[in-house]
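Please look over the sequence and the structure shown below before reading the report that follows them.

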Amino acid sequence: MIKKEDKNLARKQRAKRQSDIVGTATCPRLCVYRSLSHTYAQLIDDNKAVTLLAVNTDMPNIKTLIKGKTKREAANIVGQELAKAALAKKIKTVVFDRNGYVYIGRVAEVAEGARKGGLKF
């Protein structure tokens, strides 16, 4: 019998290898998570173990912006909105954590949206 590869387990193993990515209060970690239907992005201060800011496609104000758009376009909007909120909190630079995902598709769109919004990484 052929066993099917567990893609989420492989992603978690890749994420463990990236565990040296650490965010601070001045340069937080931008962590991306994607489910089948939503995209999540958050800024994390690992020194204090707190989430400074979080944006996802399930938030009511984001839902109005992404209505009728594809998942990739919605991920780009999530990145832009995260950047806008981060700049309001005077956060300009971040460390990008792709959380074990390959840097294509929605993960890359979140990064491009954040860069377009004004964040540097």
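The model is a predicted one.

Four strands make up an open sheet in which the order is 3-2-1-4 and the pairing is mixed. Strand 3 and strand 4, the latter covering residues 95-97, are the edge strands, each of which pairs on one side only. From one strand to the next the twist averages 20 degrees.

Two of the pairings are set out in the table.

| Strands | Direction | Bridges | Residues that stand opposite each other |
|---|---|---|---|
| Strand 2 and strand 3 | antiparallel | 6 bridges | tyrosine 40 and asparagine 56 |
| Strand 1 and strand 4 | parallel | 3 bridges | leucine 30 and phenylalanine 96 |

Strand 2 runs over residues 39-45 and strand 3 over residues 50-56, and together they form a hairpin with 4 residues between them. In the turn of this hairpin, alanine 49 has a positive phi of about 60 degrees. As a general point, the side chains in a regular strand alternate between the two faces of the sheet.

The crossing of helix 3 with helix 4 is right-handed. On the side of helix 3 the residues that take part include Lys71, Ala75, Gly79, Ala83 and Leu87, while those of helix 4 include Arg106, Val110, Gly113 and Gly117. Sorted by class, this contact between helix 3 and helix 4 has 5 nonpolar, 5 polar and 6 charged residues.

**The largest pocket**

The largest pocket holds about 390 Å³ of space. It is lined by 15 residues, and the closest to its centre are Lys7, Arg11, Arg34, Tyr101 and Arg106. Helix 1 (7-17), strand 1 (29-34) and helix 4 are the elements that each give two or more residues to this lining, and helix 1 gives the most, with 4 residues. By class, the lining has 6 nonpolar, 3 polar and 6 charged residues.

Notes:
Residues numbered from 1 in each chain as written. Predicted model: local features only at pLDDT ≥ 70, side-chain atom pairs only at ≥ 80, totals over all residues. Heavy atoms only, no water. Left-handed = near helix turned anticlockwise from the far one by under 90°. Contact = heavy atoms within 4.5 Å. Nonpolar A, V, L, I, M, F, W, Y, C, P; charged D, E, K, R; others polar. Pairing = 2+ DSSP bridges. 1 Å grid on protein atoms, 1.4 Å probe; cavity = no way out; pocket = protein on both sides within 12 Å on 5 of 7 lines; lining within 4 Å. Points joined across faces, edges and corners; volume = space filled by probe spheres on them. Axes fitted to C-alpha atoms, helices over the stretch in contact; angles between N-to-C directions.
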